[in-house]
Amino acid sequence: QVQLEESGGGLVQAGGSLRLSCAASGRAISSDTMGWFRQAPGKEREFVAAIFWSGAITNYADSVKGRFTISRDNAKNTVYLQMNSLKAEDTAVYYCAASGSANYYNTYYRRDHYDSWGRGTQVTVSS
């Protein structure tokens, strides 16, 4: 079982940027699909971004496309989420997730695709 720990959240003004990190421990995540999800108060946890094990393929929710970038450094066992042009509606707890499944297409955006989750980091964007 891999342990995931998010960091980098905080309070930022609208239009600002944050970079989230997700550090994995317990085993290597170099073969895993990695994803970022977020959950705002009173809402369901939703998909934000995913990255294929090699880093060659990335996918994003329409709401963040063009503003967020997911990346990974397998040598550091870490995944990142660069968030630019932040909006008030981006306010949420952001979760990192790992999937050991060989599948990617048609499943990367599903919560049940992932078998390991971090505890989350709060991102608050003030308008």
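Is Trp 53 buried, exposed or partly exposed? Trp 53 is partly exposed, at a relative accessible area of 41%, where buried stands for under 20%, exposed for over 50% and partly exposed for what lies in between (1.4 Å probe, protein chains only). A word on the background: this is a predicted model, in which local features need pLDDT of at least 70 and side-chain atom pairs count only at pLDDT 80 or more, while totals for chains, interfaces and linings use all residues. Residues are numbered from 1 along each chain as its sequence is written, and side-chain values use heavy atoms, with hydrogens and water left out.

**Overall build**

- The chain has 11 strands and zero helices; helices (H or I, at least four residues) and strands (E, at least two) are DSSP runs, numbered from the N terminus.
- With a radius of gyration of 13 Å, close to the 14 Å of the globule rule for 127 residues, the chain is as compact as a globular protein of that length.
- That radius is taken over C-alpha atoms, and the globule rule is 2.2 Å times the number of residues to the power 0.38.
- The C-alpha trace spans about 40 × 25 × 25 Å along its principal axes.
- Of the contacts with a separation of 6 or more, 60% join residues 24 or more positions apart; contact means heavy atoms within 4.5 Å.

**Surface and charge**

- Of the 127 residues in the chain, 44% are buried.
- The accessible surface is about 6,500 Å², and carbon and sulfur atoms hold 45% of that; the areas come from the Shrake-Rupley method with a 1.4 Å probe, and for residues only the protein chains shown count as cover.
- The chain carries 13 positive and 11 negative charges, and their mean positions are 2 Å apart.
- For that tally, Lys and Arg count as positive and Asp and Glu as negative, without His and the chain ends; each charge is placed at NZ of Lys, CZ of Arg, CG of Asp or CD of Glu.

**Aromatic residues**

- There are 10 aromatic pairs, counted when ring centres of Phe, Tyr and Trp (its six-membered ring) lie within 6.5 Å; planes under 30 degrees apart are stacked, over 60 edge-to-face, and the rest tilted.
- Trp 53 forms a tilted pair with Phe 52, at 5.9 Å centre to centre and 50 degrees between the planes.
- Tyr 104 and Tyr 105 make an edge-to-face pair, at 5.4 Å centre to centre and 90 degrees between the planes.
- Within that pair, Tyr 104 is buried at 3% relative accessibility, whereas Tyr 105 is exposed at 54%.

**Around strand E8**

- Leu 81 sits in strand E8 (residues 78-83) and is buried, at 0% relative accessibility.
- Leaving aside neighbours within four places in sequence, the contacts of Leu 81 include Leu 18, Leu 20, Trp 36, Val 48, Phe 68, Ile 70 and Tyr 94.
- Leu 81 and Cys 96 are 15 residues apart in sequence and 9.4 Å apart in space, C-alpha to C-alpha.
- Ser 85, in the loop between E8 and strand E9 (92-99), has a positive phi near 50 degrees and is partly exposed at 41% relative accessibility.
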